[in-house]
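Subject: Handing over the structure, with notes

Dear colleague,

I am passing this structure on to you, and I would be grateful if you could read the notes below with it open beside you.

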Amino acid sequence: MTFFSNIWRNEKSREIIVQIIVLFFLGWFISWLVMNVNANFEALGKDISFEFLFIPAGYDINQYLIDYNNRDSHLRAGIVGLLNTGLVAFFGIILATVLGIALGIIRLSKNWLASKIAYWYVEFTRNVPILLHILLWHGIIINTLPHPRKAISLAEVTFLSNRGFYIPKPLTETGIELVYLFFVIAIIFSILFAKYCKRKQDLTGIQYPVFWINFSVICFLPLIAFFISGMPVSLEIPALKGFNFRGGMHMSPELAALTFALGIYTAAFIAEIVRAGILAIDKGQREAAESIGLKPSKVMNLVILPQARRVIIPPLTSQYLNLTKNSSLAIAIGYMDLVATLGGISLNQTGREMETMLIVMLIYLSVSLSISALMNWYNSKVKLVGR
Amino acid sequence: MSEKTYKPGNYPDLPPPPGTVGVYGWIRQNLFSSISNSLLTIISVVLLYYLIDGIIGWFFLDAVFDADSKIACRKIDDGACWAVITRRVGQFVYGFYPEAERWRIDITFLTMFIAFAPLLYPDIPKRKWLLYFSVFYPFFAFVLIMGGYFGLQKIEYSLFGGFMLTVILGVCGIVCSLPLGILLALGRQSNLTVVRTLSVCFIEFMRGVPLITLLFVASSMLNYFLPPGTNFSILVRVIIMFTFFSAAYIAEVIRGGIQAIPKGQYEAADALGMNYWQKTRFITLPQALKISIPGIVNTFIGLYKDTTLVVVIGLLDPLGIGRAALADTKWNGLSTETYLFVALFFFVSCFAMSRYSLWLENKLNTDKK
Amino acid sequence: MKTKMLLAGVTAGVMFAGSVLASTLDDVRARGKLNCIINTGLAGFAAPDDKGNWTGFDVDFCRAVAAATLGDADKVNYTTATGKTRFTKLAAGEGELLSRNTTWTFSRDVDLSQTFIGVNYYDGQGFMVPKALGVKSAKGLDGASVCIQTGTTTELNLAEFFAGNNIKYNPVPIETNAEAQELYKAGRCDVYTTDASGLYATMMSFDNPSDHMVLPEIVSKEPLGPVVRHGDDQWADIVAWVLRAMMAGEEKGITSKNVKELAAKDNKDKEINRLLGKDPLQGLSKLGLSPDWAVNVISQVGNYQESFEKHLFPLTIKRGMNALYRDGGLHYIPPIK
């Protein structure tokens, strides 16, 4: 008896015993699940097989970034959906970031009225479920914008209708290579120039307007090349033909509604993050920066933002992740993302819930795990060195 | 410029310079302190004017509050047609719960505040007695809502819907996920490799996949993992998924709280000879929970908002009721009114929760005053 | 090898289901209610009124099964499902019966492990357009935006039809008929395609039905019928014969008005006697139904004709293929012997 109680008293051995018990229960639980699945699948005459991925999907998708038609496989349909998820996440993140940062700064502005408006905007937006945002925006776009035949036209090249937004599409012709080349040259130049200026400043303390010089180089150099090579870009202008506009670039109402809803909803959270990040910087930092005579823009750029960035970026990334995951609600308005193609129509046409949902979940999981890993790495890099 | 000189002695206080106090001063300081600031103010005023003008007209002045159909609405006025809400307000609140039995929901809802009061407000009088009621409340609510005991008519879960369903899902999810979240957070900080790995896997999985896929699993696949023939209501399955999902987020919030506790606290506890559970009970949790309260409330608000997702698997929450109403030929095309009404409901309840969280934060923030 | 194992699995599964899972009828009786999966809202087939009561042609069938098994047509719990979720809901056991204008196809019957028990409505896929568009044929729909319910056979038919005729189109996927109605009305799509019955149902709900038209092309066969889970033959038989009893009611002139009267007296037509429990019906006890099962169905719900006329005539749907065989339709039921 004393032997056992000794083992139990010993912290190390006790830990091992507890872990073995936990492992045992885990194994039992998993095998229980597997047995149940087997029994249920047998009863229903189902099996697990991923062969359905390679048979023709049979359905059409209205927006595809890679070629797709209904004779392509379910796998390809899934990839089309995944790319659509990526597309809406990309647009949504840009909108959310721009709007969120602007709102965060307005919230802190000395203007009472603007700050209050931003405050109520944030409160209204973030306290309403994202699904409602999506449905509302979709409803507004399709109910208030006109039919394509009466589309609102901006300068006869861009059209707004309840079928979406149509803008001219640039088509490249021969000679465009020169523009690309000059663009690359401009980028290389600006990197080198920035390095040079940095060294110069370290040595002499003289500052150059690096940003503006680089900005104009990157803008104008390709522009010059564009004119030299005889303007090798033509615009394909959308035109009403039959039922819809043809040609040009098209943003469907679903994509637009989803982008607006996700962007605006997430912007409210980002605004709070930005505000909290800036407020988190000790008041003394700003005062010290001002007292050594830095301009307000320099105070922001050189003192406040570099420090606020450390506070802002981790929650910001998790907002981006949330946005991407929320884009799965696209299914409510019929935007063909990953959940709607592979986890929706394919699932339904083949009846393979287990397989499709497994794939969909694994894809989302791997995206978010890799971004979390990236964040952990970033966190450890920017962490204040403890004393 | 002549310089004023004062001889030594006492003088009455001079009035502050004009334009720095009073209404005028306030306006100058807060709205027109610089050119860019004035510009911002003007833009805001214009924006507000159009917003308020449009909103009041559409929402109230030109709105129709009772009519038989959308066409009837349009004949009366061209603003919002709230008739779609007023005609079905019972459904929006109670779903398809039988009309004669709705008093049961009213009582459950009202007593919910009594049950929560001692938990939410620590210095309420007679707190101890009320706490007994809080413990007893879940059984009370269950019996009252579901029926089947004490001569109450049994009500099928499929009749649940509307705001009542939102509150049931939200409250059950919140109440169940907090303990699970605490356990997961402790598990993630544990020294035992197996327990830690398990907790990390669970948390990362739940946080990594969209809730909608989890709900889909709950609605169509959970039965495959249970012994053949087991079948329990979709409501319970959904609550389980909500619990798991928000427990993972709560665990992360609490972990942040645990990590914020200074190391000296543990060292002091060790020095006193406390064991693991004593340390957890008296040192870790009281401090960690206090730090993480705002985060926990935010997670709850998120969970509450996420209950709308059940519409995707066919449960009739307010959004589902709204969509069913829109499916009625009489009310086709009134999506804006319907969705705004539901949005307003969520705004009111979530805003109240976030205000409570702020209040609590200030109250608990004892050390920084 | 693989097929063999699969076959063995299925056989074992059927035996397993028969022995371990209690019979569906017992489940329903123990619960005292039938769980029925219906459409989220399609006028005429299944839609809630302002009081929240579900009514419609498909709902009537749920009620009929409840009347036959429980003796009370009102003892039904309705669960709604979209085109996409209906089969998973049935498989997950959320209902014993799926009565939601579901097309009978080979792969749904065989591959998805469910049993179609008959056809209660013969349908075909059509197209609805606003007359203002000036389209006369489905072949003239090149470039149109087409609203379509996902997870349905219509989706696959449409892809095949347009690909076959080399027409380009822009699919706008939607989940429920209500959404389709909204999007079509708002002009988000030029065309709405679904079963012709659904098109008429939708069209009649519009403010000006005469502004819209259904194009002449019917591009598919859509035999719609109730579905049950695979593996419980007793339950499948019950559901199948409830449907046939409703049709037999029409054939023999038994209506909700005269059913009590006919059940009380001895009729010349012995088939009526057997159906209404006057004369013994061989094997009825194997179904676990009481002799007055058909009386309950017809008295509480009505016969096929009554249900059809009550719910579908207001939508201007004609009997057409859905008449009895003697009236030139397709409904030809086995004799009740």
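Two residues are taken to be in contact if their C-beta atoms, placed from the backbone, lie within 7 Å. The model is a predicted one, in which local features need pLDDT of at least 70 and side-chain atom pairs count only at pLDDT 80 or more, while totals for chains, interfaces and linings use all residues. Residues are numbered from 1 along each chain as its sequence is written, and chains are lettered from A and ligands numbered from 1 in the order in which they are written.

Confidence comes next. For the complex the predictor gives an ipTM of 0.85 and a pTM of 0.82. Helices (H or I, at least four residues) and strands (E, at least two) are DSSP runs, numbered from the N terminus. Among the elements of chain C, the highest mean pLDDT, 94, belongs to helix 3 (residues 57–70), and the lowest, 40, to helix 1 (residues 2–19).

As to its overall form, chain C contains 14 helices and 13 strands. Its radius of gyration, taken over C-alpha atoms, is 21 Å, close to the 20 Å that the globule rule (2.2 Å times the number of residues to the power 0.38) gives for 337 residues, so chain C is as compact as a globular protein of that length. The C-alpha trace of chain C spans about 60 × 55 × 40 Å along its principal axes.

A residue is called buried if 20 or more other C-beta atoms, placed from the backbone, lie within 10 Å of its own, exposed if 12 or fewer do, and partly exposed in between; by this count, 55% of the 337 residues of chain C are buried. Helix 8 of chain C (residues 196–204) is mostly covered, with eight of its nine residues buried, including Leu199(C), Tyr200(C) and Met203(C). The buried residues of this helix pack against strands 7, 8, 11 and 12 and against helix 7 of chain C.

Turning to the interfaces, 30 residues of chain C are in contact with 25 residues of chain B. On the chain C side, strand 4 gives the largest share, five residues. If nonpolar means Ala, Val, Leu, Ile, Met, Phe, Trp, Tyr, Cys and Pro, charged means Asp, Glu, Lys and Arg, and polar means the others, Gly among them, this side has 10 nonpolar, 13 polar and seven charged residues. Chain B also meets chain A, where 45 residues of chain B are in contact with 46 residues of chain A. Helix 15 of chain B gives the most to the chain B side, nine residues, and that side has 28 nonpolar, 15 polar and two charged residues.

Finally, a nonpolar core is a set of buried Ala, Val, Leu, Ile, Met, Phe, Trp, Tyr and Cys residues joined through C-beta atoms within 7 Å. The largest has 248 residues, and those with the most contacts inside it are Ile134(A), Leu215(B), Cys147(C), Val242(C) and Val297(C). Helix 8 of chain A (residues 253–279) supplies the largest share of this core, 16 residues.

With best wishes

Note on methods. pLDDT = per-residue confidence, 0-100.
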